[in-house]
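I opened the model today to look up a few things and to write each down as I found it. The entries follow the order in which I looked.

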There are 2 protein chains.
Amino acid sequence: MKCLLKNVYYVDGFMDEAGKGDILIDGDSISEIGDHIGTSEDTDVIDCNFNKAIIPGLVNAHTHAAMTLLRGLGEEKPLKEWLEERIWPVEAKLTPQDIYWGTALALMEMASMGVTGFADMYFEMEEVGEAALKFGVRCALSKGIIGTKESDIEKALRLFEYFKDQKLVNVQVGPHAPYTVPIDMYKKLCHMAKEKNIGVHTHFMEAAWERDYLKEKYDMVPVEFLENSGLLSVPLALLAHCVWIEKDEMEKVAVPSVKVAHNPSSNLKLGSGIAPLKDYLKKGVSVCLGTDGAASNNRLDVWEEMRLAALLHKGNELDPTCCKSKEVLKMATFNGARALGFDKVGRIQKSWKADLVVVDLDKPHYVGVEPSNLVQYLVYAGSSSDVVGTMVNGRWIYYYGSYSYKDVEEIKREAKKSRERICS
Amino acid sequence: MKCLLKNVYYVDGFMDEAGKGDILIDGDSISEIGDHIGTSEDTDVIDCNFNKAIIPGLVNAHTHAAMTLLRGLGEEKPLKEWLEERIWPVEAKLTPQDIYWGTALALMEMASMGVTGFADMYFEMEEVGEAALKFGVRCALSKGIIGTKESDIEKALRLFEYFKDQKLVNVQVGPHAPYTVPIDMYKKLCHMAKEKNIGVHTHFMEAAWERDYLKEKYDMVPVEFLENSGLLSVPLALLAHCVWIEKDEMEKVAVPSVKVAHNPSSNLKLGSGIAPLKDYLKKGVSVCLGTDGAASNNRLDVWEEMRLAALLHKGNELDPTCCKSKEVLKMATFNGARALGFDKVGRIQKSWKADLVVVDLDKPHYVGVEPSNLVQYLVYAGSSSDVVGTMVNGRWIYYYGSYSYKDVEEIKREAKKSRERICS
């Protein structure tokens with residue numbers, strides 16, 4: 001089955017000006033881009049009349065999807081109280097089934113907002129992967145590891161084996177953070193990741209006190225920890241947050257294997273701070289975008305993170321020229337896909353995977369849009385509510401209110417039940 | 001004609017917990033709130049089945065609505081270049097008709113997002129008011145004044161006369177800013193405002209250099225300028241931005257007649273900085289929310305400003321407990337209505353004006369919502385795309401995609417034509 005998106009504008013994070021024409025999808029990939037592409041009998045033709053834009057799928061490069069079940073708990077509390085009194089006691093009650101329904105609920109939300117891939121760190125990750133496969137969404141899965149249990153290394157290996165034949169799923173190794181996992185355990189996990197040729201996903205320098213912790217415990221600055229833990233020698237190190245990296249330390253993270261996941265909403269909401277995005281971009285660090293979990297955002301809206309990333313640093317640095325919309329679109333798409341370990345995903349290019357979002361331009365806030373300013377309109381004036389279609393690997397997972405997932409009402413029902421039980 | 005909103009949750013910026021029941025609207029006001037309210041034959045009954053929330057209408061307390069026509073021009077340029085090369089030359093081409101269509105386009109966008117009132121400073125304000133009246137939206141209008149022309153005082157008076165019988169329109173006096181209007185002109189305008197018992201709407205301390213300007217030109221700090229210009233003795237002074245007020249100066253603005261319009265998106269986008277909202281709230285300053293014009297935001301989405309105001313300062317101040325959702329909802333509703341000069345607007349209360357928004361809770365991101373956390377869900381997880389109905393003064397201006405304005409397609413068509421002409 002082929003699909004022809006006819007008469008569209010299209011743009012990705014590498015283009016200064018939008019293209020105009022038709023996009024043909026054959027199987028899982030974009031097979032042709034051009035004017036007046038011919039069709040055969042088995043082609044599903046969608047004429048977009050030049051009031052739709054096609055962009056690459058958005059990637060949520062750091063989240064804990066099942067935390068939709070914990071959304072809104074302990075709002076506006078100090079961090080320690082929030083975690084210890086509201087989040088952890090409730091998380092302790094989560095069953096594998098809860099994780100499945102919580103993740104499915106997150107996927108429902110994300111699919112409608114144009115998210116085609118996500119990097120998830122949580123527990124019961126088989127359930128997370130099963131939900132993702134049911135939706136047909138691309139993902140990178142890591143079991144969050146705390147402490148030094150050897151059995152966790154085994155579990156990480158088992159997760160890798162479980163999904164190794166799934167094209168849409170990459171498994172990564174997930175040491176939680178330097179303050180919950182000793183450096184020797186990082187070394188073991190990084191060694192394993194190198195052996196299996198997979199990525200490592202970890203929290204890194206989210207809050208200011210983590211710098212002091214490393215100094216006291218190991219007499220190291222953050223980048224020394226990266227070096228000594230093995231994180232700089234794994235095939236891919238996805239570092240979530242990186243709010244507190246100093247300017248003179250950034251060169252160490254400006255290497256192709258390191259991916260920094262910027263989570264502006266979550267960093268603001270938890271009072272963690274404002275990451276130095278302007279400097280990361282200047283130094284050539286590969287930055288992607290994440291929402292973090294729904295308990296600390298509380299949306300799973302990568303579009304919102306795009307807009308916020310594009311605005312926040314202009315104001316914080318008093319520089320309206322930094323963090324340009326084109327860079328931010330690249331972060332949310334291509335860079336995100338790379339951070340999940342996928343190649344040929346995140347651009348509108350012939351032979352690249354068909355992970356695409358259809359954006360409705362027939363709205364009042366798009367009056368004035370043209371090929372030369374489409375990216376700016378999307379990032380500054382647009383929002384996730386402009387999304388009318390989301391395609392992953394050549395398949396619609398969301399289209400005008402309908403989902404590929406059969407019974408989304410069941411998801412809401414079951415998630416509600418889980419929520420009620422864990423909060424009772 | 002009466003309207004009964006049956007089986008709803010309702011909350012405003014004064015309530016810790018949402019109410020549950022029915023709301024009866026009679027004429028322009030809320031006439032009853034309670035359980036199982038009886039109906040008569042002339043009552044339009046809408047059963048919301050407890051999956052809708054009613055909140056007070058959102059107020060955009062600082063904007064230049066017709067600037068929808070300038071959206072996206074000169075993005076990511078330094079401020080001076082943006083204004084002098086892209087904005088001002090295009091603004092010079094605007095005709096009264098353009099202002100009408102640009103404003104109507106803004107109202108289309110705002111109505112669908114739950115905005116029931118706006119404070120506008122621009123030119124050709126009769127056109128702005130006519131568009132607002134056609135939509136049936138509440139507004140405060142001020143002609144932006146630059147320089148010292150006596151004829152501008154006459155024009156401001158004529159605007160006041162023009163709309164003085166319109167219940168939905170308040171006229172305010174609009175000296176542009178202390179760096180474009182000499183202090184003697186401020187004195188004359190404030191004198192006139194006092195005489196007519198109307199408000200003054202002005203830009204104030206948007207960029208850091210404005211402090212230096214006042215020091216050099218008048219040897220004054222900002223609050224001394226407020227005192228000496230007459231702005232502290234008018235019935236209502238709506239000060240847009242106030243990014244650069246020092247902590248020890250805030251007591252002067254913490255008086256009932258002064259309203260600070262916080263515009264977080266615009267302040268970030270233009271690289272102006274981050275206003276000290278946490279301190280304003282602590283000192284008891286009356287703060288409302290604005291989007292500013294669509295050329296510097298680029299949305300007219302008060303809900304987005306609510307979310308941003310609630311997040312931004314937590315991160316900037318490293319304090320997750322500040323700028324609480326309830327305070328921010330009050331800023332976006334009640335405080336905004338007061339800043340526009342309207343009484344009994346902005347609460348869900350018997351005998352208050354029926355400026356209301358209907359929010360659809362039947363969405364995945366509202367799983368887990370209950371009366372005790374509704375405000376937090378709305379501010380942190382919700383967005384303007386959850387709005388399904390917007391009512392002003394007892395009349396629906398937007399309801400499930402339909403507008404009170406007869407021909408919204410004409411608005412888009414005419415606005416497009418205006419845009420093309422002014423940009424050619």
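I started at B:Thr202, which I find opposite B:Leu239 in β12(B). Five bridges join strand β12 of chain B (residues 237-241) to β11(B), and the two run parallel. For my own bookkeeping, helices (H or I, at least four residues) and strands (E, at least two) are DSSP runs numbered from the N terminus, and two strands pair if DSSP finds at least two bridges between them.

Before going further I noted that this is a predicted model, in which local features need pLDDT of at least 70 and side-chain atom pairs count only at pLDDT 80 or more, while totals for chains, interfaces and linings use all residues. Residues are numbered from 1 along each chain as its sequence is written, and chains are lettered from A and ligands numbered from 1 in the order in which they are written.

I then turned to chain A, where the domain assignment, automatic or from a database, gives domain 1 (2-56 + 349-401) and domain 2 (58-339). The C-alpha centres of these two domains of chain A lie 28 Å apart. Their contact takes 21 residues from domain 1 of chain A and 25 residues from domain 2 of chain A, counting residues whose C-beta atoms, placed from the backbone, lie within 7 Å. On the domain 1 side, α12 (374-381), β16 (387-392) and β17 (395-399) of chain A each supply at least two residues, and α12(A) gives the most, with four residues.

Last, I compared the copies: a rotation of 180° with 0.0 Å of shift along its axis superposes chain A on chain B, with an RMSD of 0.0 Å, by least squares on the C-alpha atoms of residues with pLDDT of at least 70 in both. That is the relation of a two-fold axis. In chain A, the C-alpha nearest the axis belongs to A:Ser385, 3.1 Å from it.

Key. Contact = placed C-beta atoms within 7 Å.
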